[in-house]
Amino acid sequence: MRQKILKQVGVLLTVSILLTFLVVSLTMYSKFNGYMHESVREEAEYIKVAIEETDGAYLNEKISSMKSDNRITLLNTDGTVLYDSLEDASTMGNHNDRPEVREAEKDGSGEMLRYSETLAKQTFYYAVRLEDGKILRVSRSIDSVLGYLQSGIVLVAVLVLGIIGIAFFVIQNQTKKLVEPINKMDLEHPLRHVEYEELRPLLVRVHEQNRQIAGQIQELKERHEEYLAITENMKDGLVVASQTEVLSINKAAQELFQVQASDCIRKPISRVSRNKELKKALDGALAGEHIETVLETHGRFYQLLANPVKVSGKTYGAVIMVWDITEKNAAEQMRREFSANVSHELKTPLMSISGYAELIENGMVQQADIPEFASRIHQEANRLTALVQDIIQLSKLEEGTSQMQEETVDLYELTEDIGDTLLHSAQKKDITMKIEGITQEITGVRQILYEMLYNLMDNGIKYNVEHGKLWVHMWKTADKIYWQVEDTGIGIAKDEQERIYERFYRVDKSHSRQTGGTGLGLSIVKHGAALHHAQIRTESQPGQGTKITIEFPLDRET
């Protein structure tokens, strides 16, 4: 800034002085030129009077002895030169064609500024007519005027240089004093002390920008805190890395890789994990590729997704997402097993139906046996229908795709309806069925509750012994309603009590075939209980019967 001020002021000062000198010089030139013209005229008039009074003797006696800057010329009436103060008159040509001479012959006097071939200079001529008709001409070159001016140029130049030097010294000191308060200005609080009022608009803008920057910094801080709050509470692992180091790693990723953030931030990615799959995914993302792979660590499986971070087509880093898919893999395995089991379970009754029908079609069955074969076909068809219905219902419960309308359901009334439906089956095995309790109302899906309780009571009959017993109890506490079924059947071993709720799992497979079970009843019970936020407890020992209790909460959120 100082150099700029010095340069600008120096140039301005120099130009000002030069312009002043030029104007003064032109003014002086104009004045001197006017004085010169006037002096030439006066001298011509003076010499005219002298010549006329002395009959021309003045030129020979006085002029030759006088030292004058003017050139004096006397012309005859025909234009020939009679006398010249600088040149030999006999060698000079006729001057009758000179403009000032012709004008003097006509008007008595004449003047002209023109180039003199004799002197080779720009010259002012003044001619006057004498009484005898001769012409007296007095002239002076312009160089005489310029000579006066040139004599002062050196002095003026020295003066200009001196003034410029003094001016630069003064300007430098003043600039230093001017800039010093600006250099010491408190830019964080520019309006506290304003040294120059001229700077106030600028300082107001600086203050406003400081305020805006402070607001932006606060906003960035809040967004960073929001980012940390979101990422730290994510269930999935998140790692953000540049081309060379880790920029961010959330809590889930720290737990997954068993590291601390302080050991990873601003450190190479190898500090997070030396797993080959992770390094391969990161290298691919930093190369601009989208990488998706599965990472296995500490006995669990994780889905890993690495994406590049690009700005204007250039990759500056990578974002790595990691989430646990162990349960997903287990569910996928279960789905495959379920598909295989469904295929097997559907194939068995279909093969039976197809076989019996083929025997009848080919006439390989006696007429008396046809009703028996038709009965078997009907049983297998009913079994197939029940299996398909159970699969559909279970799928709806698992996926939550069905529109399930909740209503107030009386468990005691619902249990009595199921008991009436199963009475014939119980009587065939001479099983005593007893329902105890009072009206117990809950909010739920009637169809699902019916199937849950039906399957539990149906199993209590199917897997009971001949002449056994089946009890159903209902009671209520301050926060729950309990529904319990107990039988005197074959019982369940301790290590199998959790697995009985798996699809197609059977404790006694041969017995299940005989009773026509689909293997999905207890799975429906499990998913129905989850739908109603209920808990299931199983108590059983082989040969001593089974007791299953469902606990329905009274204050569940619907």
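The model is predicted, so local features need pLDDT of at least 70 and side-chain atom pairs count only at pLDDT 80 or more, while totals for chains, interfaces and linings use all residues. Residues are numbered from 1 along each chain as its sequence is written, and side-chain values use heavy atoms, with hydrogens and water left out.

The protein has 558 residues, of which 36% count as buried (buried, under 20% relative accessible area; exposed, over 50%; partly exposed, in between; 1.4 Å probe, protein chains only).

Two aromatic pairs are present (ring centres of Phe, Tyr and Trp, the last by its six-membered ring, within 6.5 Å; planes under 30 degrees apart are stacked, over 60 edge-to-face, the rest tilted). The rings of Tyr 450 and Tyr 454 are stacked, because their centres lie 6.0 Å apart and their planes are at 15 degrees. Both residues belong to helix H12 (residues 446-462), where a spacing of four residues separates Tyr 450 and Tyr 454 by about one helical turn (helices are DSSP runs of H or I, at least four residues, numbered from the N terminus). Tyr 450 is partly exposed at 27% relative accessible area, and Tyr 454 is partly exposed at 25%.

Trp 475 and Tyr 482 are also stacked, with ring centres 5.1 Å apart and planes at 10 degrees. Trp 475 is partly exposed, at 32%, whereas Tyr 482 is buried, at 14%.

Note on methods: Helix = DSSP H or I, 4+ residues; strand = E, 2+ residues; numbered from the N terminus.
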